[in-house]
Structures are given as structure tokens and as C-alpha cells.
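Work through these exercises with the sequence and the structure side by side. Try each task before you read its solution.

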Amino acid sequence: VCDPRGMRSFMSDKQLLEHMRTAHGGRGLCDICMAQGNRFPLELEAFAPAELRKHKAQSHPQCQFCQTHFYGNDELYSHMQQQHYHCHVCQRQGAGYVYFVDHPSLMSHLHAEHFLCQEPECMDCMTAFTTEDELRQHMLQVHPRTMPRWNPSRARPLALDFDIRALPVSTASSRAGQRGGRGQRQQQQQ
């Protein structure tokens, strides 16, 4: 160490790293460990360039999208929550945190893997469900005006068996006269 007592200070981390590079044969300190500030610079290990790459790969988790290293898992988690998108439906299903690089990638996933509400007021908040029944329940509760009252695909045939000729003629003609239906028009024309 050039200054074992720590009497010679560097005005910035950049000056210290430049000193390490020029005075110590290209060796350097891990910038991630320095930025964390858990230890004094004199307590940090100096690495040759190949050793520094190995140290970062083994000691500091990396974002799979940005390729940026972080001090630990807590810092990586914070980055992922702030900079990238995760699927809340997969998380609810117990799949853990499934991340996506950007909003279009997440929307594509939600549309392909889950049941996404297509109503305009729900598209911005990425409302998606694990089952079609959950989506249907959401539609009934939140968007009842868009739900059809009668779904022809769920209709069951209903057999109606009655005979109109069974009614007495006088009753049929008197009812028609009361309503002003076809029976009354036919009588007026005669």
C-alpha cells in the first residue's frame, strides 16, 4: 500500500482508481463495492482486470435486461421493481417474480398466458386474471353494461308443445277485438 497510515487522501473515487491503475500495474478496486460504502477504500481488495471481472460475476448479481451489476440481491430487486415490469398474475399463482424488459413485453405475456380484460378503462392498469371465470366475474361486477344479457351459445332448446286450436273461437275473437288486433281489422273489412 502506498500510504499505510492513510495520510494522503484522494479528492474523489476517480482519483483513487486512476492512482491504482497507474501506480499499481493496472490493478483496480471494485466500483460497485466502493459505491456501496460498506468499507473504507483501504479495506477493499485490489484486483487485476481479469480478477475484477470474475469478482463482479461471482459477488454481484446482474440484471438480465440491462446487464448492470448490483451490490446484492436487495439492490437488484429494487432495480427490477423500479425499471422493469413483473407479472402480478404469475406472482399470485406462486411462480415468483417473472420480469419483463418493458411494458409491451408484459402486455404480450398477459395476453398470451392469462385472461386480459380488453375494456379500455382496464387496459392501462393491465387487469388480468388466472381463469376465464375470474375474468367473467370481473366483467359482471365492473363492466355490466358491456356483458350480453343473453348468450346464444349457452342456450338450451326448450320444447313448447301447445295447440292454438284448443281455444274456443268466441274467446279468441273477443280477445282480438279488445286488443284491436287482426281479428278486428278483418271484421271491419267485411
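Buried means under 20% relative accessible area, exposed means over 50%, and partly exposed lies in between (1.4 Å probe, protein chains only). This is a predicted model: local features need pLDDT of at least 70, side-chain atom pairs count only at pLDDT 80 or more, and totals for chains, interfaces and linings use all residues. Residues are numbered from 1 along each chain as its sequence is written, and side-chain values use heavy atoms, with hydrogens and water left out.

**Exercise 1. Describe the chain as a whole.**

Step 1. Take the elements. Helices (H or I, at least four residues) and strands (E, at least two) are DSSP runs, numbered from the N terminus. The chain has ten helices and four strands. Their order along the sequence is α-α-α-α-β-α-β-α-β-α-β-α-α-α.

Step 2. Take burial. Of the 190 residues in the chain, 25% are buried.

Step 3. Take contacts (heavy atoms within 4.5 Å). Look at those between residues at least 6 apart in sequence: 23% of them join residues at least 24 apart.

**Exercise 2. Is H143 buried or exposed, and what does its side chain meet?**

Step 1. Locate H143. It sits in the loop between helix 8 (132-142) and helix 9 (169-179).

Step 2. Check its accessibility. The relative accessible area is 0%, so H143 is buried.

Step 3. List its neighbours. Leaving out residues up to four places away in sequence, H143 touches C117, E119, E121, C122 and H138.

Step 4. Find its polar contacts. A polar contact is a pair of N or O atoms within 3.5 Å; within protein, one must be able to donate a hydrogen and the other to accept it, and residues adjacent in sequence count only if both atoms are side-chain atoms. The H143 side chain makes one with the side chain of E121, at 2.9 Å. It makes another with the side chain of H138, at 3.2 Å.

**Exercise 3. Which residues of helix 4 are buried, and where do they fall around its axis?**

Step 1. Pick out the buried residues. In helix 4 (residues 73-83) they are L76, H79 and M80.

Step 2. Look down the axis. The arc is that of the directions from the helix axis to the C-beta atoms. The buried residues fall within an arc of 95°, so they line one face of helix 4.

Step 3. Turn to the other side. There, D74 and Q82 are exposed.

Step 4. Find the cover. Strand 1 (85-86) and strand 2 (99-100) are among what covers the buried residues of helix 4.
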